Amino acid sequence: MSELVHLERTPNGVGRITLARPKALNALDLGMVRALTQALLAWRDDPSVVAVAIRGTSKEGPFGAFCAGGDIRFFHQAALAGDARLEDFFTEEYALNHLIHTYPKPYIAFMDGVVMGGGMGISQGGRWRIVTERTKMAMPETNIGLFPDVAGGYFLSRCPGHVGEYLGLTGAVIGADAALAWGLADRAAPAADLPRAWDALAQLDADSPAAFDAAWAAWMDAAGWRSAPAAGAAPLAPEVQAAFAAPDVAGIVAALEAAGTDAARHTLTVLRQRCPLMVHVVLQQIRRARGMALADELRMERDLVRHCFHPHHLGRSPAQSETVEGIRALAVDKDHQPRWNPARLEDVTPAMVEPFFVSPWPAHAHPLRDLA
Ligand SMILES: CC(C)(COP(=O)([O-])OP(=O)(O)OC[C@H]1O[C@@H](n2cnc3c(N)ncnc32)[C@H](O)[C@@H]1OP(=O)(O)O)[C@@H](O)C(=O)NCCC(=O)NCCSC(=O)/C=C/C[N+](C)(C)C
């Protein structure tokens, strides 16, 4: 068990999880993934457990930060060292994401503060996704030469219109209203309410998961937590969303240029800072994911992540991958000047992108072959 994950079973049958790595914004390491998986499996099979809740801690105390994703510094070190645990990490984290999406008991995620990457993976599959005015939600992986994994292709592709492409390609950070509007949250609560909500979980009297779910919904209703965005909230300029309907990256760029508004110009500036190769890969990922079941989408992601860290088809070693370079620039050297290769969106060819979607494994040997 990890000391970075605190587990508690309340007398009324609620499994409560607190991520306790505030100095790294609760970034997930392999031990944390394993601790979460073991706890969720045990509570799933324990008839006396009626629900599960998860929160994060910040430097200020409980809440204030949920999870900033997988531990990207570990990815960097492990990729350079050829550490075999990296492959286990990918497989076990995606299996955990699948477990949460298919969990048979209410899973309540308190998505206060930063909720990014792997933090979305341990919340989006939940029954109740609770955001606050402090929520900063994103799938920012194109900023580190990666793609929105942890079932990101699945849930982004289910956002309305072409919002999923916008979020996945740009890595835009959104707040509570956009999350509610785009189906990435269920309730918005004042952050000040969260401590008493956490306490209330331990007080609700319910003898089954369904009864607990109803009692919790009633508690949130009584607290006045919103399930719809505030009136007048307009999370995305229509011309920006329309641009992301284009069939390819060149079309998106052309549509943003043609729109010529401040919002379109800003979006294009951001898009041009992201890893060009992964922008192209992510557009395909999200478009393909739309027609996929969850398990198939996760298998596709497992293929993609293997290619990201082993880009042999580009004639490169793991150390020369876009992901290693992106993490170096953001979190290791912190120069924020990634040297992307290719450097421009216009220089990415289909021959660079297509091999990402060829599985390195035969179906019977796929690391996630057992996911249904
Ligand atoms: C914008 C962020 C989240 C916050 O920025 P900030 O300025 O408020 O805070 P700061 O960057 O100083 O972060 C505080 C410390 O936390 C460390 N940190 C933050 N995020 C991570 C992380 N994901 N892994 C490891 N460590 C992290 C940060 O280095 C600081 O530590 P020091 O004080 O320097 O010691 C900003 O932090 C940010 O952009 N973080 C990265 C967010 C991100 O890219 N998340 C997605 C990661 S990929 C992922 O989750 C996929 C997982 C699946 N799989 C494993 C299969 C690939």
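**The ligand shell, the domains and the strands**

Me: How do the residues of the shell around the ligand divide into nonpolar, polar and charged?

Reply: The model is a predicted one, in which local features need pLDDT of at least 70 and side-chain atom pairs count only at pLDDT 80 or more, while totals for chains, interfaces and linings use all residues. Residues are numbered from 1 along each chain as its sequence is written. A residue is near a molecule or strand if its C-beta atom, placed from the backbone, lies within 6 Å of it, and Ala, Val, Leu, Ile, Met, Phe, Trp, Tyr, Cys and Pro count as nonpolar, Asp, Glu, Lys and Arg as charged, and the others, Gly among them, as polar. On these terms, the shell around the ligand divides into 15 nonpolar, 4 polar and 5 charged.

Me: Which element gives the largest share of the shell around the ligand?

Reply: Helices (H or I, at least four residues) and strands (E, at least two) are DSSP runs, numbered from the N terminus. Of the 24 residues around the ligand, those that come nearest are Ala-27, Ala-68, Gly-69, Gly-70 and Gly-117. At least two residues of the shell are supplied by each of α2, α3 and β6 (114-116), and the largest share, 3 residues, comes from α3.

Me: How far apart do the C-alpha centres of domain 1 and domain 2 lie?

Reply: The bounds come from an automatic or database domain assignment, which divides the protein into domain 1 (1-138 + 172-235) and domain 2 (237-372). Between the C-alpha centres of these two domains the distance is 26 Å.

Me: Which element gives the most to the side of domain 1 that touches domain 2?

Reply: Two residues are in contact if their C-beta atoms, placed from the backbone, lie within 7 Å, and the contact between the domains takes 19 residues from domain 2 and 14 residues from domain 1. On the side of domain 1 that touches domain 2, the elements that give two or more residues are α2 (72-81) and α3 (85-101). The one that gives the most, with 8 residues, is α3.

Me: Why does Glu-87 count as neither buried nor exposed?

Reply: Glu-87 is found in helix α3. A residue is buried if 20 or more other C-beta atoms lie within 10 Å of its own, exposed if 12 or fewer, and partly exposed in between, with C-beta atoms placed from the backbone. Because Glu-87 has 16 C-beta neighbours inside 10 Å, it counts as partly exposed.

Me: Which residues does Phe-309 touch, not counting residues up to four places away in sequence?

Reply: Phe-309 is found in helix α14, and it is partly exposed because 19 other C-beta atoms lie within 10 Å. Phe-309 and Gln-320 are 11 residues apart in sequence, while their C-alpha atoms are 8.8 Å apart in space. Leaving out residues up to four places away in sequence, Phe-309 touches Ala-79, Leu-86, Pro-318, Ser-321 and Thr-323.

Me: Which residues of β5 point one way, and which point the other way?

Reply: Strand β5 (residues 107-111) is mostly covered, as 5 of its 5 residues are buried. In a regular strand the side chains alternate between the two faces of the sheet. In β5, one way is taken by Tyr-107, Ala-109 and Met-111, and the other way by Ile-108 and Phe-110.

Me: Which residue in β7 does Phe-110 stand opposite?

Reply: Two strands pair if DSSP finds at least two bridges between them. Strand β3 (residues 51-58) is joined to β5 by 3 bridges and the two run parallel, with Ala-109 as the bridge partner of Ile-54. On the pairing of β5 with strand β7 (residues 128-131), 4 bridges join the two, which also run parallel. Here Phe-110 stands opposite Ile-130.

Me: What is the phi of Gly-13 in the turn between β1 and β2?

Reply: Strand β1 (residues 5-9) pairs with strand β2 (residues 14-19) in the antiparallel sense over 5 bridges, and Val-5 has Leu-19 as its bridge partner in β2. Strand β2 is in turn joined to β3 by 6 bridges, these two running parallel, and Arg-16 stands opposite Ala-53 in β3. β1 and β2 form a hairpin with 4 residues between them, and Gly-13 in the turn has a positive phi of about 90°.
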